[in-house]
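Please look over the sequence and the structure shown here before reading on.

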Amino acid sequence: MVEDLAKKQIVGQHHALGTSITLQIFGRTIDYDHLMEKSFDLIDRYEDVLTVNREVSEVMNINHAAGIHKVQVSRGVYSLVKLAVEESRKNYGFNALIGPVVKLWHIGFKGAHVPTDEQIQEKMKLIDPENVELNDHDQTVYLTKKGMELDLGGIAKGWIADRIKDLWEAYGAGGIINLGGNILLVGDSPKRENGQWTIGVQDPKETRGDNITTVMVPECSAVTSGTYERYLVVDGKKYHHLIDPRTGYPVQTDLAGVTTFTKYSVDAELECKRLFFAGHPLEDWHKRPGCLGAVFVYNDEHVEYDNF
């Protein structure tokens, strides 16, 4: 008798990257427990080298040496840093150097407040991605001004999800990688004959898990950027945590959130920023390599779809 692959699965829970992680593996031709363990080990390994929430990591070595000397890093870290810096230089909203400004606001954490414009402008001097020197031959990174900080938090989860997918595909496995809301679907869904997956898009005015809409998608990644989970209210005015690196202030937008669907999870992270900071669908955006579609949810709760 042939088993239903949708029922043959294992689910693993883990805490890393500052979030709750759930991995769900479907199939029957692999050693589930071994693959789950290797997946969590891989996540922990990348957190060790990429985190800025500890004093020691490869990225923190770069930050500690800002304005002093260049730092040589491992190949994987260098490739991610290079991608982050190159995307930051395109000036569409993503900026891996924005840490000093974000820390001023501290929205979502104890001590959050509205800084003065003078304070913001002073920190803005430290977030120019042109002040990062990259050397491909030696795999070195140099932040040329003291006080500069590199933070890959806006891109790292997607990149790590893609590495987990590489691991699963090497084992012939499929399933769902959920890194705290960053979703990567591996292979066809065993629950439908057409292999499509159902993804829910969060209702910004409801608790997490309550969807405002759902879409059917093939194997892909889904990532959301939104204003509704971390914000500060001062004198009746709401300030969300998505700081515009072009101004130093929370981006002004009618969007509550945007969810992007792309082939690679790291691209979903970046494209989310592109569309969120644009504030609306972009003409022919879905024709960009690896971009499948997007869902825009506005503050008045109306929804727009790109390529669905």
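Predicted model: local features only at pLDDT ≥ 70, side-chain atom pairs only at ≥ 80, totals over all residues.

What follows is a description of selected helices, strands and loops.

One of its sheets is an open sheet of 3 strands, arranged in the order E3-E5-E4 with antiparallel pairing. Strand E3 (71–72) and strand E4 (132–135) each have a single partner strand and stand at the edges, so one side of each is left without a neighbour in the sheet. Strands of a sheet pair through backbone hydrogen bonds, either parallel or antiparallel.

The pairing of E3 with strand E5, which covers residues 140–143, is antiparallel and is made by 2 bridges. Val71 has Val141 of E5 as its bridge partner. Helix H3, made of residues 75–88, packs on this sheet and touches E4 and E5, and its direction makes about 135 degrees with that of E4.

## Two packed helices, H1 and H6

Two packed helices are described by the angle between their axes and the distance between the axes. For helix H1 (residues 32–50) and helix H6 (residues 156–170), the angle is about 150 degrees and the axes are 10 Å apart. The crossing in which H1 passes H6 is right-handed.

On the side of H1, the residues that meet H6 are Leu35, Lys38, Ser39, Leu42, Ile43, Tyr46 and Leu50, while H6 brings Ala156, Trp159, Ile160, Arg163, Ile164, Leu167 and Trp168 to the contact. Sorted by class, the contact of H1 with H6 comprises 11 nonpolar residues, 1 polar residue and 2 charged residues. An α-helix has 3.6 residues a turn, so residues three or four places apart point the same way.

Helix H7, which runs over residues 265–278, has 14 residues and reaches 20 Å from its first C-alpha to its last, close to the 20 Å expected at 1.5 Å a residue. Of the 14 residues of H7, 12 are buried, so the helix is largely enclosed by the rest of the structure. Among the buried residues of H7 are Val266, Leu270, Leu275, Phe276 and Phe277, and the list also includes Glu269, Glu271, Lys273 and Arg274. Just after H7, Gly279 takes a positive phi of about 85 degrees.

The loop between H7 and strand E14 (291–298) holds His286, a residue that counts as partly exposed at 23% relative accessibility. When its neighbours within four places in sequence are left aside, His286 is in contact with Cys291, Leu292, Asp306 and Asn307. Between His286 and Thr260, which are 26 residues apart in sequence, the distance from C-alpha to C-alpha is 9.6 Å.

Strand E11 (residues 231–234) and strand E12 (residues 237–240) are joined by 4 bridges in the antiparallel sense, and Leu232 stands opposite Tyr239 in E12. The hairpin of E11 and E12 has 2 residues between the strands, and in this hairpin Asp235 takes a positive phi near 50 degrees.

Thr227 has its place in the loop between strand E10 (221–226) and E11. With a relative accessible area of 6%, Thr227 is buried. Apart from its neighbours within four places in sequence, Thr227 is in contact with Lys238, His240, Leu255, Ala256 and Phe276; Phe276 is itself one of the buried residues of H7.

## Other loop residues

Glu55 is found in the loop between H1 and helix H2 (58–64), and at 57% relative accessibility Glu55 counts as exposed. Not counting residues up to four places away in sequence, Glu55 touches Met60 and His64.

His106, in the loop between helix H4 (99–105) and helix H5 (117–124), has a positive phi of about 60 degrees although it is not a glycine. The relative accessible area of His106 is 32%, and the residue is partly exposed. Glu301 lies in the loop between E14 and strand E15 (303–306), and its phi is near 75 degrees, a positive value in a residue other than glycine. Glu301 is partly exposed, with a relative accessible area of 30%.

Note on methods. Residues numbered from 1 in each chain as written. Heavy atoms only, no water. Pairing = 2+ DSSP bridges. Contact = heavy atoms within 4.5 Å. Axes fitted to C-alpha atoms, helices over the stretch in contact; angles between N-to-C directions. Left-handed = near helix turned anticlockwise from the far one by under 90°. Nonpolar A, V, L, I, M, F, W, Y, C, P; charged D, E, K, R; others polar. Expected span 1.5 Å × (residues − 1). Buried < 20%, exposed > 50% of the residue type's maximum accessible area, 1.4 Å probe, protein only.
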